[in-house]
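Thanks for coming. I will take this one step by step, starting with a question.

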Amino acid sequence: MSSHLHHFRVWRGDDTKGELVDYPVEVNEGEVVLDVIHRLQATEAGDLAVRWNCKAGKCGSCSAEINGRPRLMCMTRMNTFDDEEIVTVTPLRSFPVIRDLVTDVSFNYTKAREIPSFTPPEGVAPGEYRMAQVDVERSQEFRKCIECYLCQNTCHVVRDHEENKEAFAGPRYLMRMAELDMHPLDAHGNRAVEAQEEHGLGFCNITKCCTEVCPEHIKITDNALIPLKERAVDRKYDPLVWLGDKIFRRSGS
Ligand code: SF4
Ligand code: SF4
Ligand code: FES
């Protein structure tokens, strides 16, 4: 097995101050960035803080910025870098740093709590819910989300604009609203208009940066945000659509 010393540059610090620190670290064939960060912890930087769990791209914990690009450390293979290329690892930029590579992602939990949960139709008992396969399949894509928050971190609406965070739910949670809005049995009401008026859907100008960084390859913009915007416009400005929606679509039948 071949191995070499690779030049890593890792952000070290806390919520008060920090700096990039250079480390030469051994890299073996087949390794990913997270392996190298773990070796760094085991050798030169025993107190390096890093969040991870599965090392299989499924828990969404090891999100960081690698050479400025938001990625999962466990899914970034070392053989995608030249041997001489410096690998810079920094914490997610849109969330406050706790220490080193660990950020406080509670913004996302706050936004998740603001979305009313699925509202079952009246008069239909659990077990009696019926929906078409096509509707099941449409929302299946969104349920692949591993809550890594790379999309939330990347979206320019909040990336350098702390002041927008209160009004904007971010792509992951607008996608959740789209999923519920597409659900034929959800009786909550106008989720698309709610997304527009209460969760900042209008801030999104469909740049697709969120889609580009999603490790689950969910087409966040094309399949969730754009349809949600279209539905918001339809419902808001077409009284017949709105009325029909109220009377027929939400009847629970
Ligand atoms: S498409 Fe919308 S939500 Fe996604 S990154 Fe762009 S502005 Fe943000
Ligand atoms: S939608 Fe994709 S990028 Fe966003 S949190 Fe879910 S898995 Fe991560
Ligand atoms: S450690 Fe679970 S996604 Fe990377």
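Which residue in S4 does Ile 66 stand opposite? The residue is Arg 69. Keep in mind that this is a predicted model.

Strand S3, residues 63–66, pairs with S4 in the antiparallel sense, over 4 bridges. In general, strands of a sheet pair through backbone hydrogen bonds, either parallel or antiparallel.

Now the sheet they belong to. The order is S2-S1-S5-S3-S4, an open sheet of 5 strands with mixed pairing. Strand S2 (18–28) and strand S4 (69–72) are at the edges with a single partner strand each, so each has one side without a neighbour in the sheet. On average, and ignoring direction, neighbouring strands here are turned by 35° against each other. Helix H1, residues 33–42, lies across S1, S2, S3 and S5. Against S2, helix H1 runs at about 105°.

Next, the domains. The domain assignment gives domain 1 as 3–103 and domain 2 as 106–251. Their centres, taken over C-alpha atoms, are separated by 32 Å. Across the boundary, 12 residues of domain 1 are in contact with 13 residues of domain 2. The domain 1 side of that contact has 6 nonpolar, 4 polar and 2 charged residues.

Last, the ligand. What classes of residue make up the shell around ligand 1? There are 8 nonpolar, 3 polar and 1 charged residues. Among the residues around ligand 1 are Cys 155, Cys 204, Cys 209 and Cys 210, and also Lys 208 and Thr 221. Helix H8 (209–213) and helix H9 (220–237) each supply at least two residues of that shell.

Terms used. Residues numbered from 1 in each chain as written. Chains lettered and ligands numbered in written order. Predicted model: local features only at pLDDT ≥ 70, side-chain atom pairs only at ≥ 80, totals over all residues. Near = placed C-beta within 6 Å. Nonpolar A, V, L, I, M, F, W, Y, C, P; charged D, E, K, R; others polar. Domains from an automatic or database assignment. Contact = placed C-beta atoms within 7 Å. Pairing = 2+ DSSP bridges. Axes fitted to C-alpha atoms, helices over the stretch in contact; angles between N-to-C directions.
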